[in-house]
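Hi,

Here is the structure I said I would pass on.

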Amino acid sequence: MHILRKYKWAILVFVGPTLVLYTYFVMVSIFSTLYYSLTTWDAISKPIFVGFRNYVEAFSNPDFAIVLRNTFVGLALSLLFQVSFGLIFAYLIYRTLRGFRLYRALVFLPVVLSQAAVAMMFTLVFNSDVGPINEILRLIGLEPLTRNWLSDKEVVFYTVLTPMIYQYIGLYVVILLAGMQSISEEIIESARIDGAGSFRVFFNIVIPMQLDIIFICIVMITTGMFKAFEHSYIMTWGGPGVRSAFLGVYMYFKAFVHAQYGRASTIAMVILVAALIITMLFRKIVQRFSY
Amino acid sequence: MGNYRKKGLLIGIAVFLMIGIVLPVAAGGQKEGAAPVTIRFAHMWQDGASEDATKSVAILKQVEAANPGMKLVHEVVTGDEMRNKIRVDVAANNAPDMWQFWVGGVLADYVAKGILLDIDNFLAKSKKVKKEDISKSAWDSCTFDGVVRAFPRNISVGIFAANAEIFKKYSWAYPKSWAEFLALGKKFDAQGVASSNIGSKGGNPSHFWYGDLVCQYEAGVTGTATIGKTLNFRQRPFIKAAEYCDEMRAAGLFPKDVMANGDWAPSIAYYDQGNVAFCYTFAWCFANMSEEIIQKTEIIPIPKLPDGERDTSKFIQGTTNDAYCINAKSFEDPKKQGYLVALMDAVAFDIGLMESQIGSIVSVNNNVMKQVKLDQIADKMMVKTLKYRLANNVSGSPMIWQELPSNKLQFDYQAALDELWAGAITPAEYIDKVQKSCDEYKASK
């Protein structure tokens, strides 16, 4: 505290501009959104205060329930696949003797592609008339598994989720790999000397020591899923209906297509609160188990 | 001393930072009397994207060159995104001076807000366009409470066509009745031929096809024309059309993947591959059809529904489709008015004539169309289409989408069609969904 008091002007000078920008662009935006979520507003006429009506209507709307379910299921599957595959690939690359940089670059390649390009590509891949997926399934004698991947209401959600999960596995590989490289080699050598095999080292040393990094990945996956937009919008427009829509897409339609900015703000607030709760929940879990 | 130096350094950095932020802001903006008048025009012509777009931009540049006091700012947004852009701009009190838009219900909010110019004010000053050049029905599509609020641009020109080569190969006849149409589904499947390109993504092109079935009933035509007022979707033609669409789906007459092959570009690309029997599309897709497929394409009437009442060879979906809007406030600015008149004259006449000659649109301006020679239209599919329309006296029937009075209603209608096409909901559920949206709109008014 003494140091803070001593250098308070210096702190203000250097932190001040950022604080001003953060307050204006983030905090003011959040409180404005909160206000608009309590109004009916089409962005052309003046907002009309309606209290919590937007929230009641959102949570009693069956479409919103579908979108909420899609987002949470998508989050669960993303956490499952992106974290687990991220850890496995990161560990394999970490333990590799040759080609470390090459593997890391290859794994990271999909991340640098534009989401729109990946979505377009997967739209063609999953096209049941001309795409390769159904053709390959037929060739290997699995014709019963062919589907209308982008139209069948049973599978369209998973079809849209696939490129979303695939594209960013590489990002978490690189993050986790960086974390693994900070593990002292002596710890692993000691474990090996004590007879620990690769599996024991991975589960009993690497993962516990990476919990803080894993938490960062969880936060990134959570915020990413709540902002998910491009793949769903480009591949299927969130459809049929809202069967492959996520909260981000639904919010976009409410704001820019339905011209219901009040309801869109409501969804934005739901996204904010849900993301905060999930982040805090995982923080508590990780804190319990980390070293 | 050391502390004072540090404090002085800190204060100096802070002052430098402040100057660095304030100076560019103060230096920005136009000095009065020095710079040209900026006119912002939001349009869909991406230079280089197509012949039509490139030539349109070239004409706009000529307008700018002919008016050295004007600086024309192009705000290019293609497709349905223009709807979003204009709404956001208006919300930010930053509407463009002029923009390309659609007719009908999409204009209602802007009319209510008083943003759109009374087009008679422009016509009074125009050197190239007169009111009598354009038909009353075209003006009516842009008229609200007796005042014309947008300048109509073109009529939507659609076709239902067959790949003649496929039909000749398998010795199939073009279907005239609905039963013949449905029976073709199995034949197509047996030969590995794709049935049609009538997919549905965001309601395209499905909402046009659905409207064509609705308008096979006399009550469907009047029901469509008045849907904006009645908001009653539980009318027999709408219900029957939904049931017939579901029959088509069950018979395999839609693409297998209606979403992947829905929307305009994917649906025409699908047909262009050459293994699709039927094509249903509109003039804005003609440029994407290869010469090879155009030669194989034969326009035919839509098969008649079992209880259909109207001759399907005489009509197809399509009335006035697009329009240009002028910002009323911009027009009232004496500095901008002259330039807006010059710009609108060029857009409404010169670009309209060029586009009609290329074949990318059919202008609503009769004076323009008189100067267009049919056989000299560059787009061969448009030539075929116009010849067919003239030979059969084809007229346009009203469009449900256009008559719906709000963006949300339009979206809900289109989204429900996606679900109907995909078989995710039944025809009864489709009608319920759209009716529910109509009821919510009614309750909100």
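Chain B is split into two domains, and each is made of two stretches of sequence: domain 1 takes 37-149 + 320-380, and domain 2 takes 158-318 + 398-444. Their C-alpha centres are 30 Å apart. Where they meet, domain 1 of chain B puts in 13 residues and domain 2 of chain B puts in 13 residues. On the domain 1 side of that contact you'll find five nonpolar, five polar and three charged residues.

Before you go further, bear in mind that this is a predicted model. The predictor's scores for the complex are an ipTM of 0.79 and a pTM of 0.85. Chain B has a mean pLDDT of 92, with 96% of its residues at 70 or more. For chain A the average is 91, and 98% of the residues score at least 70. Among the elements of chain A, helix α1 (residues 2-6) has the lowest mean pLDDT, 72, while α8(A) has the highest, 95.

Now the two chains in outline. Chain A has 291 residues, of which 37% count as buried, and its secondary structure consists of 14 helices and two strands. Its C-alpha atoms fill a box of roughly 75 × 70 × 30 Å along the principal axes. Take the contacts in chain A with a separation of 6 or more: 68% of them join residues 24 or more positions apart.

Chain B has 445 residues, and 49% of them count as buried. It contains 20 helices and 14 strands, and its C-alpha trace spans about 95 × 60 × 45 Å along the principal axes. For chain B, residues 24 or more positions apart make up 74% of the contacts with a separation of 6 or more.

On to the interface. The chains meet through 29 residues of chain A and 29 residues of chain B. Two of the helices involved on the chain A side are α2 (8-36) and α13 (247-257), each supplying at least two residues. The largest share of that side, four residues, comes from α2(A). Sorted by class, the side of chain A that touches chain B has 14 nonpolar, 11 polar and four charged residues.

The packing is what I'd look at next. The largest nonpolar core has 144 residues, and those with the most contacts inside it are Ala90(A), Val173(A), Leu247(A), Tyr250(A) and Ile267(A). Helix α8 (residues 156-180) of chain A gives this core its largest share, 13 residues. The core also takes at least three residues from each of domain 1 and domain 2 of chain B.

Last, a residue I picked out by hand: His43(B), which is in strand β1 (residues 37-43) of chain B. Is His43(B) buried or exposed? The cut-off for buried is 20 or more C-beta atoms within 10 Å, and His43(B) has 23 such neighbours, so it counts as buried. Not counting residues up to four places away in sequence, His43(B) touches His74(B), Val76(B) and Gln100(B). By contrast, Lys445(B) is 402 residues from His43(B) in sequence and 32 Å away in space, C-alpha to C-alpha.

Have a look when you get a chance.

Cheers

Notes:
Residues are numbered from 1 along each chain as its sequence is written. Chains are lettered from A and ligands numbered from 1 in the order in which they are written. This is a predicted model: local features need pLDDT of at least 70, side-chain atom pairs count only at pLDDT 80 or more; totals for chains, interfaces and linings use all residues. A nonpolar core is a set of buried Ala, Val, Leu, Ile, Met, Phe, Trp, Tyr and Cys residues joined through C-beta atoms within 7 Å. A residue is buried if 20 or more other C-beta atoms lie within 10 Å of its own, exposed if 12 or fewer, and partly exposed in between; C-beta atoms are placed from the backbone. Domain bounds come from an automatic or database domain assignment. Two residues are in contact if their C-beta atoms, placed from the backbone, lie within 7 Å. Ala, Val, Leu, Ile, Met, Phe, Trp, Tyr, Cys and Pro count as nonpolar, Asp, Glu, Lys and Arg as charged, and the others, Gly among them, as polar. pLDDT is the predictor's confidence in each residue, from 0 to 100.
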